[in-house]
Amino acid sequence: MSIVLSLTGQLELAERLSRTEARDWLARAAVWFEGIGDAVLDARVVRDGEERPVLLLVLHPAAPAAEVRLGASGRLRVSAVTEAAGPGYHVYLCDLFRQMAAEFEFAWIADDCADPTRYFHSRDRSACERAFLHWLAERCADNPGSIGLPAAHGFTYPADVLTPLGPRTRAWAAEVAVHPEKGRDFFAWWNPALDSIFYRGRALVRMWLDFFWRPPLSEADGELADQIANDLASAFKLDPAAELPWAEWLELLTAIAGDEDGYCVTPNDDGLSIELWKHMGPLPAPAAKDRIGYRRYPVRVSLDGSWSVEIPGELARERNDDRTWTAWDRTRTVWFHPLQFTKPGGEPPTAAETAEVGRKSLPEGEALPGFDRDGLRGEAVFGPVEEDGRTLWRLSGVIGAPGQLAVCNVYIENESDRDWAVRTWRSLRPGG
C-alpha cells in the first residue's frame, strides 16, 4: 500500500479559465503557501510535459513535492505522496489544504478525495499513525536495500538498509516487519506540531540525503546550507536540551564560513560555534563510518539517454537545455553528452561502430587503454589543455553502445587526479 493523498476541489467560475489564468491563480496560491511560515520550503509554478501549469509544494525532503493542478473548468486537484516523511506530515498537509480552501473560498469534494489513512475525512490521528506503521512493516518485509528513498537514489553508502534518517540493519527491518510499532523512529515527522523534533528531523534528512559537506558552489547550494542551519538553530532554540548532530552542525557552519561567493546568508555566530564545541566533544575521524551524510561516498547519477555515471557525492550538478550534464567542484569537472545513431537502413550500429565514430572526434593527447566489455566499447585520450588562462588536464573519452554514444570530458586541476578521471569515465554505462 502506498500512501498518496488525492484531493479534488471546485472553484466557482463565471467562465472557463485560460491556461494563463490557471497559472496566475496557482501563482497566487504559491505566494500564500510561502507566507504560511517556514514549514514550507518552496512553492513554485512550473510547466509539466504538456506545458500545463502545476504548483509544486515542498515541505519536507523525505517526501516528493505535492502537486496542485487547476483545470479550465475550475477543477482543482492535489496529489501528495506522504509515506516516507511520516504521519505528522500527512496530518499537517491535510490541515494545510483545508486552510487553503477556506482562504481561497472553494470546497473540497468529499466523494472525490482519497486518503488511504482516512485522516482527511475522519481526522483520526491514531488511525493515520497505524496506517503509516503498517506501510513501513510491509516495506521491511520485502528485504529492501532502501526504504523511503527514490528507486534511483544512487547512494553507495555501505549499509544494509538506507533510510531518510540514516542506515539501518537487516535485523532492524526484520523486527519492524513483525512489530511495526518499533519502527516509529523511522519517520522524521511523526507529530504535526512544528516543534524542536520537527526541525531536528527535517535537518537530519537533508544532511543525510542532500548536503555536500563542502562550501557552496551555487545559489542552490547556499540556499540548502542556509535552510539546514536555520532548522538546526530552530530546534536548539525550541529545546536547548535536544540531542542534535553537534559535530556535523559545526561542519555545516564551517562550510558556510568558507563560502567565497556570497551564496549563503547565514551570519557567522561565534557564540553558537562555542556552544557546539561544548556539546560535541572530540571531532570524529574523517573516515568514521558513523558520520552523517550519504554524499560523503560516491553516488551513481542517472543521465540523459539512459546512461549513468559514478561521481563523488560532493560534486555540484546541473543539466543544460542541450542535454549536456555537468558536475563540478573547485578542482574537478565532469562533462557528459549523449548521442544516438542509426544506419542508413534504420538499424542501430554496433557498440564498436559508434565508438569508432566517437574516436574520430577525440582531440590530440596520450591514448589511454581502451576497453571492450559488457557490450560497451571505450576509447579516450589524456593531456593538458588551456582553459581561461590556466593549464588543466583533460580526459576526453567516448563509450559506444548499440545505437548510442556517450561523450565524456573530465577536467582536473591536479594531474594526480588522473586515476580518478579514468575511473569516472570508465564508470559510464547505459541504465542505472
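Alanine 22 is in contact with Leu17, Pro53 and Leu70, once its neighbours within four places in sequence are left aside. The structure is a predicted model. Alanine 22 sits in helix α1, which covers residues 19-34.

**Alanine 22**
- Alanine 22 counts as buried because its relative accessibility is 4%, and buried means under 20%.
- Between alanine 22 and arginine 69 there are 8.5 Å in space, taken from C-alpha to C-alpha. In sequence, alanine 22 and arginine 69 are 47 residues apart.

**Two loop residues with positive phi**
- Glutamate 105 has a phi near 55°, which is a positive value in a residue other than glycine.
- Glutamate 105 lies in the loop between α2 (87-104) and β6 (107-108).
- The relative accessible area of glutamate 105 is 70%, so this residue is exposed; the cut-off for exposed is over 50%.
- Tryptophan 213 also has a phi near 55°, a positive value in a residue other than glycine.
- The loop that holds tryptophan 213 runs between α6 (196-209) and α7 (219-238).
- Tryptophan 213 is buried, because its relative accessible area is 13% and the cut-off for buried is under 20%.

**Domains and secondary structure**
- The domain assignment divides the protein chain into domain 1 (4-122), domain 2 (128-280) and domain 3 (304-315 + 322-430).
- Domain 3 is given as two stretches of sequence, 304-315 and 322-430.
- The C-alpha centres of domain 1 and domain 3 are 42 Å apart.
- In the protein chain there are 11 helices and 19 strands.

**Overall size and packing**
- The protein chain has a radius of gyration of 25 Å. A compact globule of 432 residues would have a value near 22 Å, so the two agree.
- Taken along the principal axes, the C-alpha atoms fill a box of roughly 70 × 60 × 45 Å.
- Of the 432 residues in the protein chain, 49% are buried.
- Among contacts between residues at least 6 apart in sequence, 60% join residues at least 24 apart.

**Surface and charge**
- The protein chain exposes about 20500 Å², and carbon and sulfur atoms supply 49% of this area.
- The protein chain has 47 positive and 66 negative charges. The mean positions of the positive and negative charges lie 4 Å apart.

Terms used. Residues numbered from 1 in each chain as written. Predicted model: local features only at pLDDT ≥ 70, side-chain atom pairs only at ≥ 80, totals over all residues. Heavy atoms only, no water. Domains from an automatic or database assignment. Helix = DSSP H or I, 4+ residues; strand = E, 2+ residues; numbered from the N terminus. Rg over C-alpha atoms; globule rule 2.2 N^0.38 Å. Buried < 20%, exposed > 50% of the residue type's maximum accessible area, 1.4 Å probe, protein only. Contact = heavy atoms within 4.5 Å. Areas by Shrake-Rupley, 256 points an atom, 1.4 Å probe, with all protein chains shown as cover. Lys, Arg positive; Asp, Glu negative; His and termini not counted. Charge placed at Lys NZ, Arg CZ, Asp CG, Glu CD.
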